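Okay, thanks for coming, everyone.

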Amino acid sequence: MVEASLQGLAAVFVWPNFGLMILGALIGMTVGFIPGIGGNFFLAMMIPFVFGMNPYAAFALLLGGHAVVHTGGAISALLFNTPGTGPNAATCFDGYPLVKKGQTGRAMGVAMTASAVGGVFGAAVMIGVIPIVRPIVMAFGPPEFFMMIMVGIACIAFLGGSTPVKGLAVGALGLLLSMVGQDPSTGVVRYGFGLLDLWGGVNQVLVVIGLFAISEMINLALKGGSIADQMAAKVSGGLTTGMLDVFRHWWLNLRCAVIGVVIGLIPGLGGEAAGFLAYGHAVQSSKTPEKFGTGMIEGLLAPESAHNSKEGGALVTTVAFGVPGSSGMAILLGAFLILGITPGPKMMTEHLPLVFNMAWTIAIANIFGAAVGLALANQMAKLTYLRGSILVPLVLLFAILGGYGVRNSMFDLVIVLFFGVVGYYMKKYDYPPAPLIMGLVLGKMAETNLNMAMDLYGVEFIFRPITFVLLLVILFIVGLPLVKATRAAFGKRGVTSAGTTA
Amino acid sequence: MRARLLNGPTLFAAFFVVLFAGAIIVAFTYNVRARGAPLVISIPGLVLMLGWLATEIRTGGAATLRRKHDREVAISGEGQDSVSAPAKGKETSNIRKLPVPRALPELDPFLWVTGLLVLIWILGFQIAMPLFMFLYVKVRSREGWMLSIVLTVAAWAVAYFVFGHVLRIPLYEGIIAQQFLR
């Protein structure tokens, strides 16, 4: 085992594998930076190039890039409120407010370091859990998926900040939006209004681009000035602080990385779910949940750590069982076939050094990606001080191209525009955007899995062991703040009555 | 009374009420199984927003504006452990404020964004993108000729080379090209 691991590590640094990993990571970060394209596009674009390569070189290129796509996506999310990839949407919630405060360096430091730590953790877990993962994966069926998603949805209530009513209503709107399109269980097209473009549903990337990028540019065009409200004293100083912040919040970072790995392990949930569930967990476990959305470090590091650690988990099921853990991994299966390798249990005996090599590639590419991001942070931070007259058209074009790139459809641009206007007013009238995206991402998965669970087990699915434990977790998540609020109210009353008596 | 009803926060809350009510009405046109989930979501949504709408009407939109103010205070840095927070007085004095019309201020950026989509629809990405860039930078923002031209060329280069040739994403050509140039 140790020998195979060392063989895998040595193969990372063999030429041309190392060069291909670096090339892949640079392309992956660039693709991630451009909104609307994402990791799947990167893999699809790169797979034709691996014909004739040896497996080590091929996976250096593919995994080197795929591992850091979200790291690149975090940069555009932070700087322009335009997430490069779907999972980076959660990065905007607290990352962008931090940039607006002029703390771009610190935000970059947190995002890059948390991504690297998450990615390395995911790779480490990949190595550790392969021998024991089978029962875990097999234990998860539609009822467990449904309840796990409900854990995320339960967190929506905490994303409303000082106005939970608005948070819940916006979350409900997100859930409702997730129901647009053909219902998988009945075939009925819901809220399609006769438009063929809505049959496939509303793509969350379009909503994210509209809600964050377009609305922010409308706002910037109105108020003038630049993205960062204030000039940062020294960007590089913030960078170090940001890196240290990640280690200051190491426990949250670790928990979110675990969330990412678990989401990755479970086929069918994606990077979006990882980012949002981790963000929801950060809010729910915080002592000051009302401050989220205003530039909380925890709100930035949670999704960054989770969606990078997810890749290690997703690769486990792909390699060990031939079951892709995510859509990206499904594309990666194509590369396995091109290279003449059959993923599955035999990988653990016949190609063990290659499996370790994959894990090492993910870990090293993540560190490299973060280093590139940190090295460019000072230069990139200057973009946030560009005046609006230049930045607004640049970002608008960037966002519109990203929106179009999702499905090459002009109708999608109308969706982007609609959510741009809605997002502007949501911001103006203090409606939190995070619950809408969370509802949209998790809603469809929840309904599909609920229908399957009901068909398979009826209402009794609630009493399956893992499902029941997750139900208790939901009750805890929802109940804890109520208990806290009641205690606080009683405490206040006690103080008041004591004061009156005195 | 008119001021209590016709203010932004109240109208936006009413927009949500209309959305949820519409979703409920439309859901009843589906079969029982398909309508279940939308109703489970939109009925509580409607109840919540009706409650909030009542609050907005009662306070004339002040409920939202007060909370928004509190939130802006939070974003401006108070209560944060901002180690690298900027020094006061270092605000960007060199930043040029854009000329913004006073009446219906949102209309101006809304029209620009909508105009971009209309331009793309008519002329396609490869013409609309540089044209929009030039119009925005030169006409709206009154920047210098050199900057306007450089950014215009850059916008065209991104559309043509990066998306068209490197990434090979087929960009929409516009109705004129589709109707007359084929």
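**A walk through chain B**

Let's start with B:G36, which sits in helix α3 (residues 32-59) of chain B; helices here are DSSP runs of H or I with at least four residues, strands are E runs of at least two, and both are numbered from the N terminus. Because B:G36 has 18 C-beta neighbours inside 10 Å, it counts as partly exposed. The cut-offs: buried takes 20 or more other C-beta atoms within 10 Å of a residue's own, exposed 12 or fewer, partly exposed is in between, and the C-beta atoms are placed from the backbone. From B:G36 to B:V18, 18 residues apart along the chain, the C-alpha atoms are separated by 19 Å.

Now the ground rules. This is a predicted model, where local features need pLDDT of at least 70 and side-chain atom pairs count only at pLDDT 80 or more, while totals for chains, interfaces and linings use all residues. Residues are numbered from 1 along each chain as its sequence is written, with chains lettered from A and ligands numbered from 1 in the order in which they are written.

So how confident is the predictor? The pLDDT, its confidence in each residue from 0 to 100, averages 78 for chain B, and 72% of the residues score at least 70. Over residues 77-101 of chain B, pLDDT stays under 50. Where pLDDT is low, the predicted coordinates should not be read in detail. For the model, ipTM is 0.81 and pTM is 0.73.

How many helices and strands does chain B have? Eight helices and zero strands. Of its 182 residues, 27% are buried.

Next, a helix pair. Helix α5 (residues 107-123) and helix α6 (residues 125-140), both of chain B, pack at an angle of about 150°, with their axes 8 Å apart. That makes α5(B) roughly antiparallel to α6(B), a label for angles over 145 degrees. Axes are lines fitted to C-alpha atoms over the stretch in contact, and angles run from 0 to 180 degrees between N-to-C directions.

Who touches whom? Contact means C-beta atoms, placed from the backbone, within 7 Å. Residues of α5(B) including B:W112 and B:L116 meet residues of α6(B), among them B:F132 and B:R140.

Last, α6(B) itself. Its buried residues include B:F125, B:Q126 and B:Y136. The cover over those buried residues includes α19 (388-407) of chain A, along with α5 and α7 (145-166) of chain B. Just after α6(B), B:R142 takes a positive phi of about 55°.

Terms used: Angles under 35 degrees count as roughly parallel, over 145 as roughly antiparallel, 65 to 115 as roughly perpendicular and the rest as oblique. Two residues are in contact if their C-beta atoms, placed from the backbone, lie within 7 Å. pLDDT is the predictor's confidence in each residue, from 0 to 100.
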